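Work through the exercises below with the sequence and the model side by side. Each task is followed by a solution in steps.

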Amino acid sequence: MALRTAERLSHLPVYLFDKLDAAKAEVEAGGMNVIDLSVGDPDHPSPDYAVDALRETALDGKNHHYPSFKGLPEYRAAVASWYKRTFHVELDPATEVLSVIGTKGGMSALPLALVNPGEPVLLPNPGYPAYIPGVIMAGGEVVDMKLYPEKNFLPDLTEIPSDVAKAAPMMVLNYPGNPTAAIAPLSFFEEVVAFAKEHDIVVVHDAPYSEAAYDGKRQASFLEAPGAKEVGIEFHSLSKAFNMPGWRIGHACGRAEVIAALGRVKSNLDMGIFKPIQHAGVAALTGSDAFTKARAAEYEERRNALCDGLDRLGWKVNRPEATFFLWTPIPDGTKDSAVFADRVLREAGVLITPGIGFGSNGEGYIRIALTVDVNKLQEVISRLEKSGFTY
């Protein structure tokens, strides 16, 4: 009996990093040791105090029951406390904070709450590819907001056609940007709030890299902009800030009606996060900021080492302001990022991400993750030099 799958699956792309994993496995099967700089997966373990909280609370049988999809009151209160301490944003833990099983899951579920079939959804291009499937599953139409370096990778809101703005129920932003590593000023968020109010659009800001900013710079929360809580929400995660990617714990914060709508979808599709993991999240969010500051300083050191080395090879890279990614044009002037990334993998044994994987406007660029130590990055430079990637 042949399997007939739903038509919507034909519209879903193969996940970018599945392709890269397959290419890496092929090269490694040929005997080459690959240095993987493709995925934003922190290389250090989670903080001890989070692990200790998990261990302690997992031993208590009362934490083994079904958790609420909303999140433990303690976790939501810790999120609100962290937002106040970090961004000076006041949140009501009961109505303006919702736990999510990783922000990818939350971002994927939200279109089911906000988007009707055929409605346009504004997404950044280049942008994180995981934003697209949720829109497709909801029957929405992806409309690109093109990001350009000369505009600091901020969308030009005046370029959005008026009919699209009028029809769009939702706009997605992501700063510090993945893959662009750009920072958005608070003044831009203020423009977005005004635009959203004019066109009745829900703004969704994905901000997992906010704590990895360099050179004394800072990424504001979207919710810091006056009126932001009237028009949108912000997703945040413990994956990057606290080295907890595999724990799958994050949160959505902001406009109470949007939080409630997302919660209604979640209550029908999944359960909450295992309670001991939430207690570990509380420990992370209420602990010292020293952990996140130390990680940011280390990524900055890695950025400097990699950029200095690539500049020596003639790459003339763009130094990122934030995130732990380097987003830079292909150094040889060609535009086929998939071909260039494949060459680097097969000739130098270094896995990087082609810009085309982040959308059509990413073509001509590559993304390199800073998720190995300085010594390993120096080995990357050595491999590239020996393999002839000098310009």
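**Exercise 1.** Classify C253 and C307 as buried or exposed, and state how many disulfides a search of the whole structure finds.

Solution. Start with the cut-offs: buried means under 20% relative accessible area, exposed means over 50%, and partly exposed lies in between, with a 1.4 Å probe and protein chains only. C253 has 0% relative accessibility, so C253 counts as buried. C307 is buried because its relative accessible area is 1%. Next, a disulfide is a pair of cysteine sulfur atoms within 2.5 Å. The search of the whole structure finds zero disulfides.

This is a predicted model, in which local features need pLDDT of at least 70 and side-chain atom pairs count only at pLDDT 80 or more, while totals for chains, interfaces and linings use all residues. Residues are numbered from 1 along each chain as its sequence is written, and side-chain values use heavy atoms, with hydrogens and water left out.

**Exercise 2.** Describe how strand 3 (residues 120–125) is covered and which strands it is joined to.

Solution. Helices (H or I, at least four residues) and strands (E, at least two) are DSSP runs, numbered from the N terminus.
- Step 1: six of the six residues of strand 3 are buried.
- Step 2: in a regular strand the side chains alternate between the two faces of the sheet. In strand 3, P120, L122 and P124 are buried on one side, and V121, L123 and N125 are buried on the other.
- Step 3: two strands pair if DSSP finds at least two bridges between them. Strand 3 runs parallel to strand 4 (residues 141–146), with six bridges; V121 has V142 as its bridge partner there.
- Step 4: two bridges join strand 3 to strand 5 (residues 170–174), also in parallel, and L122 is the bridge partner of M171.

**Exercise 3.** Compare the span of helix 3 (residues 73–87) with the expected span, and say what covers its buried residues.

Solution. The expected span is 1.5 Å times one less than the number of residues. Helix 3 has 15 residues and reaches 21 Å from first to last C-alpha, close to the 21 Å expected. Its buried residues include Y75, W82, Y83 and F87. Taking contact as heavy atoms within 4.5 Å, the cover includes strand 2 (97–100), strand 8 (250–254) and helix 11 (275–286). Just after helix 3, H88 takes a positive phi of about 60°.
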